[in-house]
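Here's a quick briefing on one protein model. Take a look at the sequence and structure first, then read on.

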Amino acid sequence: NVKVTDMDFDAILAALEQGQVDVAVAGISATEERKQSFDFSENYFVPEQKILVKKDSVAELNSVDSLDGKKVGAQKGSIQETVVKDQLTDSQLVSLPKVPNLIVELQQGSIDALVLESAVADSYAAQNDDIVVADVELESSDDDAYAIVLPKGSTELQEVLNEQIKAMQENGQLDEFLQKNTDLANENASK
């Protein structure tokens, strides 16, 4: 019996910690810091990080250094916050709970750029004529990979999830699932 609950990204781990949910599946990265408080499944996806900018700023915002002193958005509680802090060290981080709100902030000029996972960034760029993916290389690491989060000590459930992830990777079902969700993200970005 599975119940899916929608919540702000930055509330997910707290809900898990408080026992309000049994697992968290939300594009959550298994960082070393998070591993101190939670158990994780095997990684199921390693995203590339990209930067969105307004189309009229793409020539100006074309390198990590060009973002110095600029306001750069990221979803609150996400790995993208860490990317901004670690790789865009001279920019000003602006965190909001929902990506659509960050898109509006970018379009209105309240922020200069926005760091998102590649599929999400590509989706929003495809659906909005005024924003584009900047040609700025960001580094990826194993800490960026997505995994399912469980309460500490959930060894039995962790083993079951790892078996399922491995089977889905081997039979191509995971790739199909990821493509379906990318398509869904594209649909939602256009709304």
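Two strands pair if DSSP finds at least two bridges between them, and the strands themselves are DSSP runs (E, at least two residues), while helices are runs of H or I with at least four residues, all numbered from the N terminus. What you're looking at is a predicted model, where local features need pLDDT of at least 70, side-chain atom pairs count only at pLDDT 80 or more, and totals for chains, interfaces and linings use all residues. Residues are numbered from 1 along each chain as its sequence is written, and side-chain values use heavy atoms, with hydrogens and water left out.

**The sheet**
- Three strands make an open, antiparallel sheet in the order β1-β8-β2.
- β1 (24-29) and β2 (38-40) sit at the edges, each pairing on one side only.
- Three bridges link β2 to β8 (residues 146-151), and D39 stands opposite L150 in β8.

**Helices on the sheet**
- Helix α1 (residues 9-17) lies across β1, β2 and β8, at about 120° to β1 (axes are lines fitted to C-alpha atoms, for helices over the stretch in contact, and angles run from 0 to 180 degrees between N-to-C directions).
- Helix α6 (residues 155-170) packs on the sheet too, touching β2 and β8 (contact means heavy atoms within 4.5 Å).

**Who lines the pockets?**
- Helix α7 (residues 173-189) gives the largest share of the largest pocket's lining, nine residues (a pocket is an open set of points on a 1 Å grid over the protein atoms alone, where a 1.4 Å probe fits, with protein on both sides within 12 Å along at least five of seven lines; lining residues have an atom within 4 Å of a point).
- In the second largest pocket, α3 supplies the largest share, seven residues.
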